[in-house]
Amino acid sequence: MLVSCPTCSKKVEWNESSLFRPFCCKRCQLIDLGEWSNEEKFIASNSPNSDGKNQPLPDVEDIEAILAQQQQDFFKE
Ligand SMILES: [Zn+2]
């Protein structure tokens, strides 16, 4: 069975030897995770709550915890 890498659309064989499936390689996997976290930061920094106060930055530890959780789910069979 072949799947398309979500990052570069390269065909990836869905088997035990494709460690980063559905991505073709670790690079594509990291790019995808990076885009996800950048998007989250973008949303957080553009919240409509414009009362003149400084907006709190998104908690990096929270994002890392979510990413770690995602990776656990990702590798679960
Ligand atoms: Zn790829």
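Mentor: Start with donors: these are N, O and S atoms within 2.8 Å of the metal (3.2 Å for Na, K and Ca), and water is not among the atoms, so sites may look incomplete. Now the ground rules. This is a predicted model, where local features need pLDDT of at least 70, side-chain atom pairs count only at pLDDT 80 or more, and totals for chains, interfaces and linings use all residues. Residues are numbered from 1 along each chain as its sequence is written, and side-chain values use heavy atoms, with hydrogens and water left out.

Trainee: What makes Cys5, Cys8, Cys24 and Cys28 the residues that coordinate the zinc ion?

Mentor: Their SG atoms lie at 2.3 to 2.4 Å from the zinc ion. The limit is 2.8 Å, so they count as donors. Along the sequence, the donor residues follow the spacing C-x2-C-x15-C-x3-C.

Trainee: Which parts of the chain do Cys8 and Cys28 link?

Mentor: Distant ones, 20 residues apart. Cys8 is in the loop between strand 1 (2-4) and strand 2 (11-13), while Cys28 belongs to helix 1 (residues 26-45). Helices (H or I, at least four residues) and strands (E, at least two) are DSSP runs, numbered from the N terminus. The C-alpha atoms of Cys8 and Cys28 are 7.2 Å apart.

Trainee: Why is the site of the zinc ion called tetrahedral?

Mentor: Four are square planar and six octahedral if opposite donors are over 155 degrees apart and all others between 65 and 115; anything else is irregular. Here the angles among the 4 donor atoms are 104 to 118 degrees, and the site is tetrahedral. The ideal tetrahedral angle for four donors is 109.5 degrees.

Trainee: How do you know whether Cys5, at a relative accessible area of 2%, is buried or exposed?

Mentor: Buried means under 20% relative accessible area, exposed over 50%, and partly exposed in between (1.4 Å probe, protein chains only). Cys5 has 2%, so it is buried. Cys28, at 0%, is buried too. Cys8 has 36% and therefore counts as partly exposed.

Trainee: What is Cys5 in contact with beyond its sequence neighbours?

Mentor: Contact means heavy atoms within 4.5 Å. Leaving aside neighbours within four places in sequence, Cys5 is in contact with Lys10, Val12, Pro22, Phe23, Cys24 and Cys28.

Trainee: What makes Glu16 and Arg21 a salt bridge?

Mentor: The term needs a side-chain nitrogen of Lys or Arg within 4 Å of a carboxyl oxygen of Asp or Glu. In Glu16 and Arg21, the closest N and O atoms are 3.9 Å apart. That is within the 4 Å limit, so the name applies. The structure holds 1 salt bridge. Glu16 is exposed because its relative accessibility is 65%, and Arg21 is buried because its value is 11%.

Trainee: How do you know that the charged end of Arg21 sits over the ring of Trp14?

Mentor: NZ of Lys or CZ of Arg must be within 6 Å of the ring centre and within 35 degrees of the ring normal. The charged end of Arg21 sits over the Trp14 ring, 5.5 Å from its centre.

Trainee: In what order do the elements of the chain run?

Mentor: From the N terminus on, they run β-β-α-α. The chain has 2 helices and 2 strands.

Key: Tetrahedral: all angles 85-135°; square planar, octahedral: opposite > 155°, others 65-115°.
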